[in-house]
Amino acid sequence: WWQSVEPAPKDPILGVTEAFLADPSPDKVNVGVGAYRDDNGKPVVLQSVREAERRIAGNLNMEYLPMGGSVKMVEETLKLAYGEHSEFIKDKRIAAVQSLSDFQKRFSPDSQIYIPDPTWANHHNIWRDAQVPQRTYHYYHPESKGLDFSALMDDIKVREADFDLLTKNAPNGSFFLLHACAHNPTGVDPSEEQWREISHQFKVKGHFAFFDMAYQGFASGDPDRDAKSIRIFLQDGHHIGISQSYAKNMGLYGQRVGCLSVLCEDEKQAVTVKSQLQQLARPMYSNPPVHGALVVSTILGDPELKKLWLKEVKVMADRIIGMRTMLRENLENLGSQLSWKHITDQIGMFCYSGMMPEQVDRLTKEFHIYMTRNGRISMAGINTSNVGYLANAINEVTKS
Ligand code: LMR
């Protein structure tokens, strides 16, 4: 039956975890997957989550959720992204469901998606599976290890008449994927002023902005402040889409809980769009899993628990910032001739180190350090016990 099936390539991110787990070395370090660890390198379950689970335990039944998922969870999640007192929520203009679907292909069949270069590796899989053609737009500037703002603006700005299939410039009315905050993998975000310019240009060109917000809270330590890019687009009157995730900021990785929302013209359109989002969910997974959604709605629906959660998000973000400083200091103290300023300039869970794939391979082979071959370091995997070892290894493989 299956003779013609070829082995699938290893996943560039999750494959790193598989290789790490298979390595028996006691020295091994995993800075591959973006998953938070404490200073002992252990996974963390937030206290707010534990307390929510305690409260849920006695009251939980195992009924199906609706196709659109938990209504309460979705309500609270929209407040986080669109703002606690958002008029769009009040006017019921947002079509939102728990989880993901391929809406774009079905209702805008000729569209393509513009994805930043680079981006989270799985974005390519998601749009490939939805059969939406992908193009990239400039984002990262390798020399400065920061944002290539002028190239990014050029890509979104050029007039339709200038559109040339051989360049990366986008025709009017294109779909763009934007990382709302803490860009993965680069750790480089536009400034507030730059977001304003991007939003303005999107307006001029009639582009549609779809935000991936997987790290809300990890950029500044404050989820509300991290929604700044979205709020700017809302102020400018864009009809945006957002996918939000609680994998990182509530540490609910394996629970797979998130929310997909689309801001519509009015309530009637939102009801229509939501009905189609649910229709997409039905053949894929029918309705989403319930436990994570209950944890989220319990936390966000209780002012005390929400306060505790916000504190815990800040603790995670601050520990990562501390590790940035330590990694940079260690490299400088070792006398590295390279600049490591970008380690502390970049934000969120990742450092886009600038190391080449061959240098990453040496880290793995010689030092049992596991990370993605694009040089991305998950700062959350660093702690006070392994930072010296990691810095020494990085220094060794980057010596000319
Ligand atoms: C990552 O980028 O490491 C995470 O988002 C985990 C994943 O699924 O890739």
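Predicted model: local features only at pLDDT ≥ 70, side-chain atom pairs only at ≥ 80, totals over all residues.
Q: Where is Pro 185 placed among the helices and strands?
A: The peptide bond that leads from Asn 184 to Pro 185 is cis, and its omega is near 15°. Asn 184 also belongs to the residues that surround the ligand. Pro 185 itself is located in the loop between strand S7 (175–179) and helix H8 (192–205).

Q: How many residues of the shell around the ligand are charged?
A: The ligand is surrounded by Ile 13, Val 33, Gly 34, Trp 120, Asn 122 and Asn 184. By class, the shell holds 3 nonpolar and 3 polar residues. The number of charged residues in the shell is none.

Q: What distance separates the centres of domain 1 and domain 2?
A: Domain 1 is made up of 14–45 + 317–398, while domain 2 covers 71–301. The centres are taken over C-alpha atoms. The separation between them is 28 Å.

Q: Which element gives the most to the side of domain 1 that touches domain 2?
A: Across the two domains, 19 residues of domain 1 are in contact with 19 residues of domain 2. Two or more residues on the domain 1 side come from each of helix H13 (303–333), helix H14 (341–345) and strand S11 (350–352). With 3 residues, the element that gives the most is S11.

Q: How many nonpolar residues are on the side of domain 1 that touches domain 2?
A: That side of domain 1 includes 6 polar and 3 charged residues. The nonpolar residues there number 10.

Q: Is Lys 92 buried or exposed, or does it fall in between?
A: Lys 92 is not a glycine, yet its phi is positive, at about 55°. Its place is the loop between helix H4 (87–90) and strand S2 (94–98). Because Lys 92 has 13 C-beta neighbours inside 10 Å, it counts as partly exposed.

Q: How many other C-beta atoms lie within 10 Å in the case of His 368?
A: His 368 has a positive phi near 60°, although it is a residue other than glycine. The residue sits in the loop between helix H15 (357–367) and strand S12 (369–370). His 368 is partly exposed, and the number of other C-beta atoms within 10 Å is 18.

Methods
Residues numbered from 1 in each chain as written. Near = placed C-beta within 6 Å. Nonpolar A, V, L, I, M, F, W, Y, C, P; charged D, E, K, R; others polar. Domains from an automatic or database assignment. Contact = placed C-beta atoms within 7 Å. Helix = DSSP H or I, 4+ residues; strand = E, 2+ residues; numbered from the N terminus. Buried ≥ 20, exposed ≤ 12 C-beta atoms within 10 Å, placed from the backbone.
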